[in-house]
Amino acid sequence: MQKTTKQTIQFIIYFIIAFTSLAHGELPGPYLGFITDTDSRQKYNLTFNFGVEQWENDKRAEKMNERWLLQCVYPDNLAKNVSTWCHLDRTKFMQFGDEVFASSHDHYVSDGTLKLMDVDWERGILDLSVVHKDKTTTEVKIRMTIQNQSIYLDSFEAFAISRGLFPDSPMTVIEFRIPKYTYTLNVPIKMLGLRSEEDKKLEDMVASLSQQDQKAWEKFKN
């Protein structure tokens, strides 16, 4: 009984400490990576893996969503000079009617599709420019907090400009935001087969008939 009471008191104390720290913003953000010590310098390993929502004119574009996986290493072991290696994998989900189209886009520093605008690992600064196939860019600003050799997300901002399809189309500011809470995005993906969905429905209907009716259907079909 005394042990149970003691555990309850400890839990209450831990809860109060956690709640107080959260209220004062003392808890770090989501975990992003870690720092290791080498012979010459510290090595930073970053893995940024988040869902990203699209907002236009401060309104959520619910049919446009992305999943970002950004991986960075500093220093790059394969580079001759001391530099940062980064790769961004964007999985884009676009919904049209009842169907969702998924596409994957890779961006590398090595091929110029991902540009490092400002990088300072010690100060937790990582500014990127994502270059798309149409030569437009998404400007990304990531701020990090480092505690006990661990890297945490402090803030994330990303903006792009959409110019529209026609020369006189108004420009739209697109903001990409990480959702406040994790959730599951249910996206219907059409798996194209050799025959149509209507063919499957017809086959199921015919299979439910009696043998006599199936023979009659075959004669009628031919």
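Predicted model: local features only at pLDDT ≥ 70, side-chain atom pairs only at ≥ 80, totals over all residues.
Local features need pLDDT of at least 70 and side-chain atom pairs count only at pLDDT 80 or more, while totals for chains, interfaces and linings use all residues. Residues are numbered from 1 along each chain as its sequence is written, and side-chain values use heavy atoms, with hydrogens and water left out.

The protein has 3 helices and 10 strands (DSSP runs: H or I of at least four residues, E of at least two, numbered from the N terminus). Their order along the sequence is α-β-β-β-β-β-β-β-β-β-β-α-α. Strand 6 (residues 114–120) pairs with strand 7 (residues 125–131) in the antiparallel sense over 6 bridges; pairing requires at least two DSSP bridges. The two strands form a hairpin with 4 residues between them. In the turn, G124 has a positive phi of about 75°. D118 stands opposite D127 in strand 7.

Buried residues make up 27% of the 222 residues (buried, under 20% relative accessible area; exposed, over 50%; partly exposed, in between; 1.4 Å probe, protein chains only). The largest nonpolar core holds 27 residues. Such a core joins buried Ala, Val, Leu, Ile, Met, Phe, Trp, Tyr and Cys through side-chain atoms within 4.5 Å. L46, F48, L70 and I142 touch the most other members. Elements giving two or more residues to this core include strand 1 (31–37), strand 2 (42–56) and strand 3 (59–74). Beyond four places in sequence, L46 touches residues including L32, L70, W121 and I151 (contact, heavy atoms within 4.5 Å).

F159 lies in strand 9. This residue is partly exposed, with a relative accessible area of 33%.
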